[in-house]
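Work through the exercises below with the sequence and the model open beside you. Each task is followed by a solution in steps.

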Amino acid sequence: MNSPIKTRHVAVWRGEGEIGHFETYDVPAYDNQTVLDVVSHIQHYIDPSLSYRFACRVGMCGSCAMMVNGEPRWTCRTHVNKVVGQDVLEIAPLRNLPVIKDLATNMDPFFEKWVKAEAVHHSSSSRDDDMTAVLPNDAERKKADAGIECINCAVCYAACDTVAGNADYLGPAALQRAWTLYNDARDAGKQTILEAVSGVGGCHNCHAQGGCSHYCPSELNPMQAIAGLKQAATRALLKGKL
Amino acid sequence: MIRPHRRHPLFLAFLLHRTSGILLALFLPVHFWVLSLALTDAAAFDEFIRFTDLAVVKLAEGMLVFLLAVHIFGGLRLMALEWLPWTAMQKQLAAGAIALSCFVSITFLLQVI
Ligand code: HEM
Ligand code: SF4
Ligand code: SF4
Ligand code: FES
């Protein structure tokens, strides 16, 4: 590792539940350092009581997302040098989710909305049936593939102002997964999905502000998926099926 | 101050759309009331028309044309986004809608000044 050039002042949100404040720590600055490295340094060497969440450290598991200088990011793949313009680094828990302690949020509401959006598999066959053919070049399959690499990090959920303003809004990730399954040849729940996503809190709440697509670390496009759901739901409505 | 997570082009497009929509909603009732004067009180209407000859009023009219144009073109972009096959260039389209609105409102100003 490079030798430390200087010290960086890092403001970190500390507190339980709603109540808390920013506390400043001096952390050695390295050329190659991720935001998660900074948080880990504080927990290892300065204050072991700091709570935060991570697992894979390579952008796979989706557990390390936080607000970094006011923007939602996966911290394990965010270089400090990339975000520190004026030498300030401010790390806070992910927006739009209840805080448990320090940097750890309660992600239950986020995952509960996946289920509410029927973004769960509705099986179309049993073990006795032949496997459904999944053709990679099929138009439907391409739509399903577009959103399949979601790592459930809730970065999009934290970026979305519609989520902030409407507690019932299912949010970009859940709606995108619903759209993925809607286009999956193996899913038997198309109608169930459309009914779930077109009610109160459903896809029609989206204002196409595109925060989700702007911030998604996997470079997915939930805004496009939601536009797809809006079209599918409206078509079904016009056909009298909704 | 716009908070950091909102500093991206499509959020600004949203902000412009909402602001222009609200300002139009405030302006249009007044606009229709003034037009109604032509039927109900011709003298007051003529007086108002003279008032609109002031340069500063013309400038304000130019602003209104801009608001209307930016709301219409921005609204058409949103409707295309939701109803037509997907186009990836949403930022460019949003910028184009603003450029077109500037063109329309400046052309209007050049006509009336
Ligand atoms: C033909 C012209 C127009 C078009 C194409 C249009 C289009 C739209 C669209 C697509 C939206 C939804 C935006 C969103 O989901 O965030 C919207 C919102 C709105 N419009 Fe218009 N509109 C037009 C004229 C007007 C006029 C004349 C007024 C004023 C009376 C107006 C006031 C509003 C307001 C207040 C909103 C809510 C803003 C928001 O939700 O963000 N619109 N318009
Ligand atoms: S495009 Fe829709 S879902 Fe995405 S951030 Fe905006 S409002 Fe939320
Ligand atoms: S869509 Fe992107 S930002 Fe949202 S949860 Fe999935 S990977 Fe994260
Ligand atoms: S720690 Fe797994 S995505 Fe960051």
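A residue counts as buried under 20% relative accessible area, as exposed over 50%, and as partly exposed in between. The structure used here is a predicted model.

**Exercise 1. A nonpolar patch**

Task: Find which residues make the nonpolar surface patch of about 600 Å², and classify Ile72(B) as buried, partly exposed or exposed.

Solution: 
- Step 1. The patch consists of Leu68(B), Ile72(B), Leu76(B), Met79(B), Trp83(B) and Leu84(B).
- Step 2. Ile72(B) belongs to helix 3 of chain B.
- Step 3. The relative accessible area of Ile72(B) is 42%.

**Exercise 2. The iron atom**

Task: Name the protein donor of the iron atom of ligand 1, and say in which helix this residue lies.

Solution: 
- Step 1. His71(B) is the only protein donor of this iron atom. The donor atom is NE2, at 2.0 Å.
- Step 2. His71(B) sits in helix 3 of chain B, which covers residues 55-83.

**Exercise 3. Two ligand shells**

Task: Describe the residues around ligand 2 and those around ligand 3, by position and by class.

Solution: 
- Step 1. Ligand 2 is surrounded by 13 residues. The closest are Cys160(A), Thr162(A), Cys206(A), Gly210(A) and Cys212(A).
- Step 2. In chain A, helix 9 (211-215) and helix 10 (222-238) each give at least two residues to the shell around ligand 2.
- Step 3. Sorted by class, the shell around ligand 2 holds eight nonpolar, five polar and no charged residues.
- Step 4. Ligand 3 is also surrounded by 13 residues, the closest being Cys150(A), Cys153(A), Cys156(A), Gln176(A) and Cys216(A).
- Step 5. Two or more residues of the shell around ligand 3 come from each of helix 5 (155-159) and helix 7 (172-182) of chain A.
- Step 6. The shell around ligand 3 has 10 nonpolar, three polar and no charged residues.

**Exercise 4. Salt bridges**

Task: The structure holds 12 salt bridges over all chains. For the pairs Arg141(A) with Asp145(A), Lys230(A) with Glu82(B), and Asp53(B) with Lys58(B), give the distance and the exposure of each partner.

Solution: 
- Step 1. In the salt bridge between Arg141(A) and Asp145(A), the closest N and O atoms are 3.2 Å apart. Both residues lie in helix 4 (residues 139-146) of chain A, where they are four residues apart, or about one turn of the helix.
- Step 2. Arg141(A) has a relative accessible area of 9% and is therefore buried. Asp145(A) is at 35%, so this residue counts as partly exposed.
- Step 3. Lys230(A) and Glu82(B) form a salt bridge with an N to O distance of 2.5 Å. This pair crosses between chains: Lys230(A) is in helix 10 of chain A, and Glu82(B) is in helix 3 of chain B. Both partners are buried.
- Step 4. Asp53(B) and Lys58(B) meet at 3.9 Å, N to O. This still counts, because the cut-off for a salt bridge is within 4 Å.
- Step 5. Asp53(B) is exposed because its relative accessibility is 53%, whereas Lys58(B), at 14%, is buried.
- Step 6. Salt bridges can also join into a network, as they do for Arg14(A), Asp47(A), Lys101(A) and Asp102(A).

**Exercise 5. Positive phi**

Task: Locate Glu118(A) and Asn152(A), and state the phi of Glu118(A) and of Asn152(A).

Solution: 
- Step 1. Glu118(A) is not a glycine, yet has a positive phi of about 55°. Glu118(A) lies in the loop between helix 3 (108-116) and helix 4 of chain A. With 23% relative accessibility, Glu118(A) is partly exposed.
- Step 2. Asn152(A) is another residue other than glycine with a positive phi, near 60°. The loop between helix 4 and helix 5 of chain A contains Asn152(A). Its relative accessible area of 26% makes Asn152(A) partly exposed.

**Exercise 6. Chain A as a whole**

Task: State how many helices and strands chain A has, and what share of its residues is buried.

Solution: 
- Step 1. Chain A has 10 helices and seven strands.
- Step 2. Of its 242 residues, 52% count as buried.
- Step 3. The C-alpha trace of chain A spans about 65 × 35 × 30 Å along its principal axes.

Terms used. Residues are numbered from 1 along each chain as its sequence is written. Chains are lettered from A and ligands numbered from 1 in the order in which they are written. This is a predicted model: local features need pLDDT of at least 70, side-chain atom pairs count only at pLDDT 80 or more; totals for chains, interfaces and linings use all residues. Side-chain values use heavy atoms; hydrogens and water are left out. Donors are N, O and S atoms within 2.8 Å of the metal (3.2 Å for Na, K and Ca); water is not among the atoms, so sites may look incomplete. A residue is near a molecule or strand if one of its heavy atoms lies within 4 Å of it. Ala, Val, Leu, Ile, Met, Phe, Trp, Tyr, Cys and Pro count as nonpolar, Asp, Glu, Lys and Arg as charged, and the others, Gly among them, as polar. Patches are made of residues with over 30% relative accessible area and no salt bridge: like charges are joined within 9 Å, nonpolar side chains (Val, Leu, Ile, Met, Phe, Trp, Tyr) within 5 Å. Accessible areas come from the Shrake-Rupley method with a 1.4 Å probe; for residues, only the protein chains shown count as cover. A salt bridge is a side-chain nitrogen of Lys or Arg within 4 Å of a carboxyl oxygen of Asp or Glu. Buried means under 20% relative accessible area, exposed over 50%, partly exposed in between (1.4 Å probe, protein chains only).
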